[in-house]
Amino acid sequence: MEMDWIWGLAGGLLIGLGGATYLLGNGRIMGASGIIGGLVDKSGWSTGKERIAFLAGVFLMPMLLMPFYSGVDTHVTGNLVVLIAAGLLVGVGTRIANGCTSGHGVCGISRFSLRGMTATVFYILAGGLSVVFFRHILGVI
């Protein structure tokens, strides 16, 4: 049996640990789209230092962990334009949905938030339908 699933488990544990640390450290919910959105639309500049520190950790931690996952094929495209477009589309989607999977899925479900649970169900359904469409109908992934 391939052991690639362990990386998903480790990532999930790190996101959960980050959410708990963020909540215990400053009493606020860790929603990545809200953290970034507050910097972009200037509504969160009063807590700008902690937001920037969080985002720095999100970007720097994978670089620190690279020696531990060398040789793991992530299947990420090398096409920078596609990566940027994907990131922008995810950002727009999270603003439309009033949150992302870290806010709704990890933090919302753990607080028994009906909105978080509902959003997570729809995220999972949309992801599943996307895989069916792009892999099995279009055959592009």
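Start with helices α5 and α6: α5 passes α6 in a left-handed crossing (the near helix is turned anticlockwise from the far one by less than a right angle). What you see is a predicted model, in which local features need pLDDT of at least 70 and side-chain atom pairs pLDDT 80 or more, while totals for chains, interfaces and linings use all residues. Residues are numbered from 1 along each chain as its sequence is written, and side-chain values use heavy atoms, leaving out hydrogens and water.

Now select residues 101-110 for α5 and 114-137 for α6; their axes come within 8 Å and cross at roughly 130 degrees.

Then move to the largest nonpolar core, by selecting Tyr-22, Met-30, Ile-35, Phe-54, Leu-55 and Cys-107. Such a core joins buried nonpolar residues through side-chain atoms within 4.5 Å, buried being under 20% relative accessible area with a 1.4 Å probe.

Which residues does Met-30 contact, leaving aside neighbours within four places in sequence? Among them are Ile-15, Gly-18, Tyr-22, Phe-54, Ser-102 and Cys-107.

Finally, zoom out. The protein has six helices and zero strands (DSSP runs of at least four residues for H or I, at least two for E). Its C-alpha atoms fill a box of roughly 45 × 35 × 30 Å along the principal axes, and buried residues make up 19% of the 141.

Definitions and conventions. Buried means under 20% relative accessible area, exposed over 50%, partly exposed in between (1.4 Å probe, protein chains only). Contact means heavy atoms within 4.5 Å. Axes are lines fitted to C-alpha atoms, for helices over the stretch in contact, and angles run from 0 to 180 degrees between N-to-C directions.
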